[in-house]
Amino acid sequence: MPETYKLTINGVAREVVAGAALPLIYVLRNELGLMGTRYGCGLEQCGSCMVLIDGEPSYACTRAMDSMAGRDVRTVEGMGTVAAPHPLQQAFIDEQAGQCGYCLSGILISAMALLERNPDPSRAHITAALDGHLCRCGAHERIIRAIGRAAAVMRGEERP
Amino acid sequence: MKPANLTINPRFDTWLKFQADETVRVATGKVEIGQGVVTALSQIAAEELDLSLSQVVILAGDTDQGPNERYTSSSLSIMDSGAAIRAVCAEARALLLRRAALRLNCGGEQLSVEEGAFLVDGASTGLTYWDLANDVDWSQAPTGEAIPKATQDYRIVGQSIPRHDLPEKLTGRAFIHDWLPDGVVHARVLRQPGRGAVLQSLDEAAIKRAAGADIEVLREANFVAFVGADESAVETAAAAAPEHAQWSGAPQINPDQQEAAWLRDQPAIERKFGAEDAAAPQGDLVGELVQATFSRPYVAHASMAPSCALALFEDAHLTIWSHGQGMHPLRANLANVVGLPEAAITARHMNGAGCYGHNGADDAALDAALIAMRMPGRHIRLQWRREDEFGFEPFGPAMLVDISVRVDDAGRPSDWTAEIWSPTHVQRPLPDSGSLLAAEALENPPPVQIPDDPPEERGGGGTRNAKPYYDIPNSRIHHHLVTTPPVRTSALRTLGALPNVFALEAMMDELASRAGEDPLDYRLSLLPDQRARAVLEEAAARADWRSRGAGGEGRGLGLAFSRYKNTAAYAAVVVALHVDEEVHLEKICVVADTGLVINPDGVRNQLEGGVVQGASWTLKEQVQMQGPGVTSLDWDSYPILRFSEIPEIEAEVLDRPEEPSLGVGECAVSPTAAAIGNAVAHALGVRIHHMPLSRQRIMETLLT
């Protein structure tokens with residue numbers, strides 16, 4: 001039976017009614033209209049649906065709602081907007097880091113978690129943080145560069 | 001010469017619309033599939049019309065309002081649509097300029113245009129395109145004869161303009177998958193295991209119980225769909241459905257059939273191109289015979305997103321939203337299956353995940369259309385499951401390539417034969433025959449397509465790039481177009497070029513080695529085309545080719561060259577890697593000549609992507625199949641190159657503003673595959689002839 005879950009999404013307290021087994025992705029997309037969290041495989045293999053749950057990158061495609069009460073969820077919509085992008089989003093634009101773009105919001109989420117943990121990551125740190133993500137167009141090199149650039153901007157070493 | 005697509009779409013107003021908000025809407029039949037083409041086409045239009053980029057609005061892929069430019073394929077968008085848009089914009093500007101001269105009572109040579117406003121002798125006049133646009137009859141046909149701007153006057157073409165689509169894709173809603181119109185219902189399908197399979201029974205009650213919420217089950221012959229307001233319920237229903245469905249006549253695939261070697265003894269259409277057969281008497285074919293066999297297995301598009309489509313049937317009109325490569329062909333194909341005239345169907349493109357050829361998009365569109373026709377007035381949002389995507393996309397065909405070369409006394413090839421076994425590389429749906437999946441599941445399935453391949457003048461399919469671009473007196477291709485592959489095959493980035501270039505460039509290294517020459521020098525000795533030489537020499541210089549040692553100790557440096565379709569973009573690739581139990585890419589350098597470059601960063605992005613995808617196919621990928629179908633249904637069983645495996649990539653484009661633009665989407669892929677093959681051979685001192693160059697193949701090679 002559906003139950004009511006209280007959780008915080010992008011800093012806003014929300015109440016959602018959902019079945020206990022319903023994966024979080026359907027709540028985010030179909031109930032709350034947060035379409036940046038994308039369905040890729042439903043198998044925790046591609047990373048398109050990555051969100052932060054209590055600061056940890058987590059697959060929204062399999063995360064059941066009955067484990068979500070009281071959690072803090074952040075999605076790509078919570079990072080920034082076209083008019084006011086997060087430094088990571090801006091760095092992806094500056095590096096033109098993407099082709100089709102389907103994988104990008106999940107990658108941005110993992111990158112944000114990385115930079116919150118490690119403000120000065122090496123290339124190896126970046127690729128390790130992104131190894132749960134797939135990109136089929138081959139924009140990897142640019143994505144790695146963009147995350148390095150965003151890190152430098154966020155450390156105040158490079159101008160945005 | 002008048003661009004062909006202007007002849008097919010002979011009205012200005014199909015291409016251009018001067019809009020009240022002082023913008024110009026430029027329509028194209030080519031669509032954004034991740035390659036950035038919409039941005040590049042807007043640059044061409046803004047350039048010719050002397051507009052700013054913000055004054056150009058692109059409408060891409062719309063059967064009601066835009067031109068029919070067939071499919072977004074074969075690296076032709078800039079060459080075809082770009083040429084048409086350049087011509088139509090140059091001519092529209094000239095027509096408006098003539099009107100302005102009359103209105104301002106001045107000579108045409110005094111006039112110039114800035115952001116759509118007319119200047120006389122450099123002074124503003126207050127008159128704009130939009131003031132005059134209604135004075136021109138835009139229903140007339142462009143002559144295609146206006147003289148476009150000289151390349152030295154370009155200010156927007158040739159600039160690395162940021163892509164228009166990226167900001168939205170980085171912040172939220174951006175794809176067809178993300179659109180939920182009011183009242184939308186979600187749908188999934190149960191796929192027929194293969195053509196001819198008959199659904200004997202379907203336990204609808206069990207499926208509805210599994211769904212856990214109210215869903216409808218639509219069934220017509222062997223086509224089954226699950227529809228409901230709750231997406232997760234229809235997904236659950238579709239996931240449960242296979243175990244509640246009994247099929248007869250499903251295909252049975254023997255695992256041998258997934259290997260390229262299986263193709264050799266299969267029924268085929270025999271096709272021959274080039275010089276007379278070497279066996280026929282035609283002078284002296286003396287010299288040593290060098291032979292080798294190469295192969296590539298079936299590979300997948302493996303798009304990041306499952307295919308999706310939306311459809312609405314209302315007031316006897318069907319509207320389809322699709323991420324397919326061609327909206328006009330899609331409309332024609334749908335019309336035939338759903339029994340509506342084309343005029344009663346609108347097909348509109350929306351962004352999907354990366355598309356690398358004929359994938360599941362068209363099939364998903366028909367799925368959605370069939371459901372919509374049975375549920376009038378409702379928006380249907382149909383999405384495939386990941387398992388559908390891996391199981392039912394049209395695959396890139398396996399290929400087996402035998403190369404036989406006669407070598408003259410100077411160690412140069414005098415006679416070259418490529419014998420190729422391959423299923424078809426293009427099996428796009430046709431209005432009067434099969435290949436749309438759902439059509440094959442209906443009561444009266446359309447006849448099976450007779451396999452064919454693109455003609456040689458369009459670059460061929462299985463034969464693509466099989467003819468060496470090198471200076472070789474005689475060469476021929478014997479193409480066995482295999483007619484009975486175990487899975488549906490169709491267009492995947494480069495078609496047959498990747499396996500053919502892998503084989504050809506491996507053989508070039510082999511011949512160089514036999515002649516005791518450096519692979520670069522050997523190739524240059526057979527390459528009169530200066531542009532081909534330039535990309536090779538530049539790539540070699542950037543990758544420090546001359547430092548290459550004897551090899552055989554685990555580190556390898558390999559190079560390869562190809563001119564895509566032997567008529568389009570040039571690319572040379574140098575790969576540095578090392579091999580232990582598997583291949584570790586270190587650095588890949590690609591240098592391309594694509595003629596006039598519209599957007600240099602866009603070209604580099606395509607080159608980089610081509611390198612990564614080519615490397616992934618070469619090192620890791622093989623579609624697995626057994627029993628009723630494909631068994632590699634997820635990313636664990638179909639691995640692709642990961643972030644931790646990505647080499648440093650250096651992509652450069654030689655600037656050739658005086659040469660026509662050459663499509664860039666595919667040119668880097670095949671030489672990357674070949675350069676990896678050559679670098680692995682250099683590292684190991686022994687060549688691996690069969691892709692993927694996986695851990696298992698490396699181990700097999702090292703142990704024999």
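This is a predicted model: local features need pLDDT of at least 70, side-chain atom pairs count only at pLDDT 80 or more; totals for chains, interfaces and linings use all residues.

Residues are numbered from 1 along each chain as its sequence is written, chains are lettered from A in the order in which they are written, and side-chain values use heavy atoms, without hydrogens and water.

**Domains of chain A**

- An automatic or database assignment divides chain A into domain 1 (3-78) and domain 2 (87-154).
- In contact (heavy atoms within 4.5 Å) are 17 residues of domain 1 of chain A and 14 residues of domain 2 of chain A.
- About 1,200 Å² is buried between these domains, counted as accessible area (1.4 Å probe) lost by the two parts on being put together, summed over both.
- Arg38(A), Met50(A) and Val76(A) supply 35% of the area that domain 1 of chain A buries against domain 2 of chain A.
- One salt bridge is counted between the two domains, the term denoting a side-chain nitrogen of Lys or Arg within 4 Å of a carboxyl oxygen of Asp or Glu.
- Arg74(A) and Glu116(A) form a salt bridge through their side chains, at 2.7 Å from N to O.

**Second largest pocket**

- A pocket is an open set of points on a 1 Å grid where a 1.4 Å probe fits, with protein on both sides within 12 Å along at least five of seven lines; lining residues have an atom within 4 Å of a point.
- Of the 47 residues lining the second largest pocket, Gln192(B), Pro193(B), Gly194(B), Arg195(B) and Phe392(B) lie nearest its centre.
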